[in-house]
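Q: Could you show me how to read a helix and a chain interface in a model such as this one?

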Number of protein chains: 2
Amino acid sequence: MALNKKQSFGKKEQDLAECSKALAHPARIAILKVLAQHNECICGEIVDVLPLAQSTVSQHLKELKNAGLIIGTIDGPRSCYCINWKAFEKFNREFSFLFNHLKTEQACC
Amino acid sequence: MALNKKQSFGKKEQDLAECSKALAHPARIAILKVLAQHNECICGEIVDVLPLAQSTVSQHLKELKNAGLIIGTIDGPRSCYCINWKAFEKFNREFSFLFNHLKTEQACC
DNA sequence: ATCTTATATCGCAAATATACGATTAATATT
DNA sequence: AATATTAATCGTATATTTGCGATATAAGAT
């Protein structure tokens with residue numbers, strides 16, 4: 001039975017995996033790309049650009065928000081999203097930290 | 001129906017997502033950590049360290065291998081894995097490239 | 001007050017991922 | 001040749017993700 005074994009791992013491993021999971025879909029990468037390219041926040045424009053239904057895009061946005069990778073603010077009847085650069089830098093740092101141990105002295109393979 | 005819409009996105013988005021997906025489980029992060037810490041390749045030692053069955057670990061290793069993040073060579077009756085640093089560097093480069101556009105001039109949120 | 005617009009949420013179906021025990025394959029050891 | 005060891009694969013159950021239409025919510029326009 002696929003019981004949840006994820007909790008058996010350390011917090012750092014879980015956090016990194018969680019963050020990676022948020023990036024694990026081309027639609028969410030595409031959303032981030034759009035947000036990065038526009039200096040100002042966007043909302044339903046993302047729906048126009050992506051080949052997905054509005055409800056699906058909304059769900060992807062929610063996942064990115066939950067992972068802390070984007071920030072969403074309500075602006076009248078519309079929502080405004082933008083990238084949380086601090087979270088990205090943290091991700092990058094954690095990522096590098098974990099694998100910067102023996103990069104130089106690789107003995108095999 | 002959850003038809004595969006992933007193919008509707010660009011190759012770069014798909015590749016990045018694919019790579020991220022490989023990192024999207026704490027077990028696989030843990031495996032990579034073990035491989036990074038040991039200068040030499042490992043195999044069933046990973047099974048001893050992780051709280052998972054042998055078959056499950058084997059499956060995770062396969063996914064990491066398919067994503068190109070690790071390299072596996074057969075050494076007699078045992079298998080020997082190690083990190084593919086080049087793939088990691090490529091991932092890091094792609095990742096940074098995608099989000100290094102407007103990091104500095106953030107106007108909102 | 002009603003209508004429009006923008007977005008989130010719900011409910012569902014299909015697809016994928018996770019996990020394990022059992023089995024298989026391949027090599028060493030006896 | 002028979003046995004033990006190591007790891008991959010198969011079959012299966014369960015859990016999670018993906019995707020959409022329909023509906024709800026919330027604010028602005030008429």
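Predicted model: local features only at pLDDT ≥ 70, side-chain atom pairs only at ≥ 80, totals over all residues.

A: Residues are numbered from 1 along each chain as its sequence is written, chains are lettered from A in the order in which they are written, and side-chain values use heavy atoms, without hydrogens and water.

Q: Which residues of α5(B) are buried?

A: An α-helix has 3.6 residues a turn, so residues three or four places apart point the same way. Buried means under 20% relative accessible area and exposed over 50%, with partly exposed in between (1.4 Å probe, protein chains only). In α5(B), a helix being a DSSP run of H or I with at least four residues, the buried residues are B:W85, B:A87, B:F88, B:F91, B:F95, B:L98 and B:F99. Seen down the helix axis, they fall within an arc of 160 degrees (taken from the directions from the axis to the C-beta atoms), so they line one face of α5(B). On the other side, B:K86 and B:R93 are exposed.

Q: How many salt bridges does the rule find across the interface of chain B and chain A?

A: A salt bridge is a side-chain nitrogen of Lys or Arg within 4 Å of a carboxyl oxygen of Asp or Glu. The rule finds two across this interface; B:E13 forms a salt bridge with A:K33, with the closest N and O atoms 2.6 Å apart. To the side of chain B that touches chain A, α5(B) gives the most, with nine residues.

Terms used. Helix = DSSP H or I, 4+ residues; strand = E, 2+ residues; numbered from the N terminus.
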